[in-house]
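Dear colleague,

Please find the structure below, together with its sequence. My notes on the ligand site and on several backbone features follow it.

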Amino acid sequence: MDFALTVEDRDIRDTVRRFVQRELLPREPEFLRRERSGEPGLPHDELAELQRKAREFGFWGLATPAEWGGMDLPAMLQSLVTTELATTCVPFRFGGAADNILFAATPAQQEAYLRPTIEGVRRGCFALTEPGAGSDARAISTTARRDGADWLINGQKTFITGGHEADYAIVFAVAEPGITAFLIDREQGWTSSPIPTMGSWHEPATLFLDDVRVPDSAVLGEVGTGFELAMRWIGKGRHTIAAQCVGIATRCLQMAVSYANTRETFGRTIGSNQGIGWMLADSETELEAGRWLALRAAWDADRGADARHAAALAKLYCTGMVGRVVDRALQIHGGLGYTRELPLEWWYRSVRVMRIFEGTDEMQRMIISRDLLRGHSRIGGHLAHP
Ligand SMILES: Cc1cc2nc3c(=O)[nH]c(=O)nc-3n(C[C@H](O)[C@H](O)[C@H](O)COP(=O)(O)OP(=O)(O)OC[C@H]3O[C@@H](n4cnc5c(N)ncnc54)[C@H](O)[C@@H]3O)c2cc1C
């Protein structure tokens with residue numbers, strides 16, 4: 001096991017770090033001001049300009065294969081880049097990305113959905129969850145019924161990230177012989193309604209599908225393989241979430257250390273009190289544990305191993321870890337931490353969802369314990385059993 005970075009790897013990480021420092025950190029006050037006034041995110045023209053600059057730096061399509069013009073970075077480097085970007089609350093992602101399962105599309109679907117998504121001219125959403133089926137995703141009840149050469153889709157999807165802005169949806173429905181994924185344009189008849197939540201990061205929506213008629217060519221992959229596609233999409237997301245948690249916790253701990261070294265009470269810095277020092281020490285210990293779990297999951301993916309167990313460990317631990325680190329950093333900042341001038345309050349609200357979506361804490365525990373009990377995973381994995 002070797003986590004040493006090559007010179008090229010370090011260059012990539014350091015370039016992203018400089019991009020964050022020069023381009024994103026100066027925009028934090030504006031982002032927070034907009035958020036306070038109910039306009040989350042940055043203006044579209046500013047985001048487009050940032051995308052242009054990032055592309056000049058060579059950053060476009062981190063996970064996108066080279067034949068589609070992307071960087072096709074290994075999972076380990078994607079994880080490091082994601083961590084760097086997450087050290088700022090400015091919600092910026094490099095362009096040129098598309099849902100991993102769209103690469104399983106037919107050539108015609110790739111031209112209609114994959115290419116325009118990579119180019120940033122179309123926006124999709126991933127619609128699996130329903131009012132009656134979240135963790136138990138196999139229990140979805142949206143139906144796809146054959147009607148002549150077409151399919152008729154009926155049902156409701158909920159908590160769909162970006163569902164109110166998307167112009168197409170990857171919809172999972174029960175068909176004969178099993179769950180099937182469909183690519184459905186908004187113009188084909190689905191509607192949406194936004195759902196207010198405690199964060200402003202992943203704005204979810206409910207989607208309504210009422211006798212939506214789509215041709216057979218809307219099926220993504222094979223009929224009956226939708227559940228496997230959904231799990232492939234979610235598996236990728238767990239790596240990204242773990243890496244984001246590491247970035248957020250890193251920044252929060254940096255802020256906490258800096259404030260603990262400068263804020264004075266009773267004639268000395270607050271950091272000189274053991275009560276504060278322990279909060280810093282616990283945060284650093286947990287952050288490092290999370291960093292290694294996130295990298296371990298990425299390393300498993302890069303060497304072609306089944307990374308699901310490692311990804312569950314990383315998601316479960318990192319999403320809890322970031323909540324504790326943000327909470328301590330906010331506590332160390334006292335009243336200032338509770339204001340909406342600093343990103344701490346925003347992170348405090350925003351990171352909570354990471355323990356819920358793409359598999360709740362309880363689902364990660366279910367995966368981990370089931371793997372152990374069935375002997376799919378040995379305690380300590382390949383590290384303890386060479
Ligand atoms: C902001 C946001 C964005 C989202 N984005 C998307 C998206 O883009 N696409 C999409 O399809 N979905 C999305 N989701 C949905 C998300 O994946 C689900 O909310 C999540 O899977 C949990 O499902 P649920 O809310 O129905 O909770 P439930 O499944 O009803 O669970 C309720 C509680 O019971 C626990 N629980 C359930 N079963 C068990 C068990 N067997 N043992 C122990 N505990 C159990 C759960 O862990 C949870 O704590 C999003 C959700 C949110 C909040």
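**The ligand site**

At least three residues from each of domain 2 (124–220) and domain 3 (228–384) contribute to the shell around the ligand. Please bear in mind that this is a predicted model. The shell comprises ten nonpolar, six polar and two charged residues. Of the 18 residues around the ligand, those that come nearest are Thr 129, Ser 135, Phe 159, Thr 360 and Glu 362.

In the side chain of Ser 135, an N or O atom is 2.7 Å from a ligand oxygen. For Thr 360, a polar side-chain atom is likewise placed 2.7 Å from an oxygen atom of the ligand. Leu 128 takes part through its backbone, with an N or O atom 3.0 Å from a ligand oxygen. The protein buries 64% of the 970 Å² that the ligand exposes when taken alone. Strand E3 (150–161) and helix H11 (361–373) are the elements that give two or more residues to the shell.

**Helix H8**

Helix H8 covers residues 308–332, and its 25 residues should span 36 Å at 1.5 Å a residue. The C-alpha atoms at its ends are 36 Å apart, in agreement with that expectation. After H8 comes Gly 334, which has a positive phi, near 55 degrees.

Strand E7 spans residues 204–215 and includes Pro 204. With a relative accessible area of 8%, Pro 204 falls under the 20% limit and is therefore buried. Pro 204 and Val 353 are 149 residues apart in sequence, yet their C-alpha atoms are 11 Å apart in space. Asp 211 also has its place in E7. Its phi is positive, about 50 degrees, although Asp 211 is not a glycine. At 45% relative accessibility, Asp 211 counts as partly exposed.

**Two loops to inspect**

The loop between helix H3 (44–56) and helix H4 (75–85) holds Asp 72. Asp 72 is not a glycine, but its phi is positive at about 50 degrees. Its relative accessibility of 43% makes Asp 72 partly exposed.

Where is Pro 177 found? Pro 177 lies in the loop between strand E4 (168–174) and strand E5 (179–185). The peptide bond that joins Glu 176 and Pro 177 is cis, with omega about 20 degrees.

With kind regards

Note on methods: Residues are numbered from 1 along each chain as its sequence is written. This is a predicted model: local features need pLDDT of at least 70, side-chain atom pairs count only at pLDDT 80 or more; totals for chains, interfaces and linings use all residues. Side-chain values use heavy atoms; hydrogens and water are left out. A residue is near a molecule or strand if one of its heavy atoms lies within 4 Å of it. A polar contact is a pair of N or O atoms within 3.5 Å; within protein, one must be able to donate a hydrogen and the other to accept it, and residues adjacent in sequence count only if both atoms are side-chain atoms. Accessible areas come from the Shrake-Rupley method with a 1.4 Å probe; for residues, only the protein chains shown count as cover. Helices (H or I, at least four residues) and strands (E, at least two) are DSSP runs, numbered from the N terminus. Ala, Val, Leu, Ile, Met, Phe, Trp, Tyr, Cys and Pro count as nonpolar, Asp, Glu, Lys and Arg as charged, and the others, Gly among them, as polar. Domain bounds come from an automatic or database domain assignment. The expected span of a helix is 1.5 Å times one less than its number of residues. Buried means under 20% relative accessible area, exposed over 50%, partly exposed in between (1.4 Å probe, protein chains only).
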